[in-house]
Amino acid sequence: MGLWTLLEGFLFLVNALAILNEERFLAPKGWNFSEVSGGGTKSLKGQFMGLIYATQYLRLPLMALNIIAIIVKVVS
């Protein structure tokens, strides 16, 4: 396993977090941000929710990274 494979796996994980929809997937399971925003951000659940929201706000740079990864795969 090389560094490029590890970076691709990380990119796949970030893509998976970025497409999670709060209303349809997270809220019915009790994973909405309003539940943990009242001081519960120190818990593991609160930190994970913060990570999900951070990936959703950084969708434009994520698209650029996906395009770069696709170009590198096509060229190689």
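Gln 56 has its place in helix α4, in a model that is predicted.

Reader: Why is Gln 56 called buried?

Author: Gln 56 has a relative accessible area of 18%. Buried means under 20%, so Gln 56, at 18%, counts as buried.

Reader: Which residues is Gln 56 in contact with, leaving aside its neighbours within four places in sequence?

Author: Gln 56 is in contact with Leu 17, Ala 18 and Leu 20. As for Asn 21, its C-alpha atom is separated from that of Gln 56 by 9.4 Å, and these two residues are 35 apart along the chain.

Reader: What makes α1 roughly perpendicular to α4?

Author: Helix α1 (residues 3-18) and helix α4 (residues 44-57) pack at an angle of about 95°. Angles of 65 to 115 degrees count as roughly perpendicular, so α1 is roughly perpendicular to α4. The axes of α1 and α4 are 8 Å apart.

Reader: Which residues of α1 and α4 meet?

Author: From α1 come Val 14, Leu 17 and Ala 18. From α4 come Phe 48, Leu 51, Ile 52, Thr 55 and Gln 56.

Reader: How do the residues of that contact divide into nonpolar, polar and charged?

Author: In the contact of α1 with α4 there are six nonpolar residues, two polar and no charged.

Reader: What does the UniProt annotation cover?

Author: The unreviewed UniProt entry carries the annotation "signal peptide" for residues 1-16. In this model, that span is 88% helix and 0% strand, and its end C-alpha atoms lie 21 Å apart.

Reader: What pattern does the chain follow along the sequence?

Author: The pattern is α-α-α-α-α, with five helices and zero strands in the chain.

Conventions:
Residues numbered from 1 in each chain as written. Predicted model: local features only at pLDDT ≥ 70, side-chain atom pairs only at ≥ 80, totals over all residues. Heavy atoms only, no water. Axes fitted to C-alpha atoms, helices over the stretch in contact; angles between N-to-C directions. Helix = DSSP H or I, 4+ residues; strand = E, 2+ residues; numbered from the N terminus. Parallel < 35°, antiparallel > 145°, perpendicular 65-115°, else oblique. Contact = heavy atoms within 4.5 Å. Nonpolar A, V, L, I, M, F, W, Y, C, P; charged D, E, K, R; others polar. UniProt positions renumbered as here; feature names shortened; annotations may be inferred. Buried < 20%, exposed > 50% of the residue type's maximum accessible area, 1.4 Å probe, protein only.
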